[in-house]
Amino acid sequence: MKSMVNKSLWVALITFSASAHAESMSGKDVFSKNCAACHMATGMGIPGAFPALKGSKFVLGDANAVVSTVLKGRGGMPTFAASLDDDKLAAVVSYVRQSWGNQATVVTVQDVKTIRANTNAMKVVKKEQPTNIH
């Protein structure tokens with residue numbers, strides 16, 4: 001009986017682990033699904049339309065600025081604040097910062113949480129400021 005319970009627990013644990021892993025996407029998967037149409041799978045972008053990420057000073061620079069841009073969008077780039085959770089956002093920004101010869105630091109989930117919180121705080125501050133100063 002004890003052996004059967006142990007087996008059942010192991011099967012449940014393995015099943016849970018496999019399903020949790022299936023739900024998480026790698027940075028490359030997130031990039032392919034959300035970014036590659038514009039920035040290309042090679043990270044070279046489309047000249048005059050979508051910037052290259054490969055060798056980009058912006059991408060290789062301040063990680064906070066990159067995360068903030070993905071959250072809020074920029075120019076013709078959409079916002080991903082609602083569609084990418086912190087895990088996926090950290091994964092995709094880290095992927096971009098370390099692919100195609102790029103060698104920048106990874107972005108942690110905690111980094112994204114902090115930046116997202118600060119971004120939301122900025123929206124609140126902006127909303128509370130008067131728009132009509134006499």
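Mentor: Let's start with a term: a residue is buried when its relative accessible area is under 20%, exposed when over 50%, and partly exposed in between, using a 1.4 Å probe and protein chains only. In this predicted model, 29% of the 134 residues of the chain count as buried. Local features need pLDDT of at least 70, side-chain atom pairs count only at pLDDT 80 or more, and totals for chains, interfaces and linings use all residues. Residues are numbered from 1 along each chain as its sequence is written, and side-chain values use heavy atoms, leaving out hydrogens and water.

Trainee: How many helices and strands are there in the chain?

Mentor: Helices (H or I, at least four residues) and strands (E, at least two) are DSSP runs, numbered from the N terminus. Here the chain has seven helices and zero strands.

Trainee: Which residues of the largest nonpolar core touch the most other members?

Mentor: In soluble globular proteins, nonpolar side chains tend to be buried together. A nonpolar core is a set of buried Ala, Val, Leu, Ile, Met, Phe, Trp, Tyr and Cys residues joined through side-chain atoms within 4.5 Å. In this structure that core has 23 residues, and Phe-31, Val-67, Leu-84, Leu-89, Val-92, Val-93 and Val-96 touch the most other members. At least two residues each come from α2 (27-34), α5 (63-72), α6 (86-97) and α7 (109-128), with α6 giving the most, six residues.

Trainee: How do α2 and α6 pack?

Mentor: Two packed helices are described by the angle between their axes and the distance between the axes. Axes are lines fitted to C-alpha atoms, for helices over the stretch in contact, and angles run from 0 to 180 degrees between N-to-C directions. For α2 and α6 the angle is about 90 degrees and the axes are 7 Å apart. The two helices are therefore roughly perpendicular (a class that spans 65 to 115 degrees; under 35 is roughly parallel, over 145 roughly antiparallel, the rest oblique). Contact means heavy atoms within 4.5 Å, and here it is made by Gly-27, Lys-28, Val-30 and Phe-31 of α2 and Lys-88, Ala-91, Val-92, Tyr-95 and Val-96 of α6.

Trainee: Is Arg-116 buried or exposed?

Mentor: Arg-116, in helix α7, counts as buried because its relative accessibility is 17%. Not counting residues up to four places away in sequence, Arg-116 touches Leu-71, Ala-81, Leu-84, Asp-85, Asp-86 and Leu-89.
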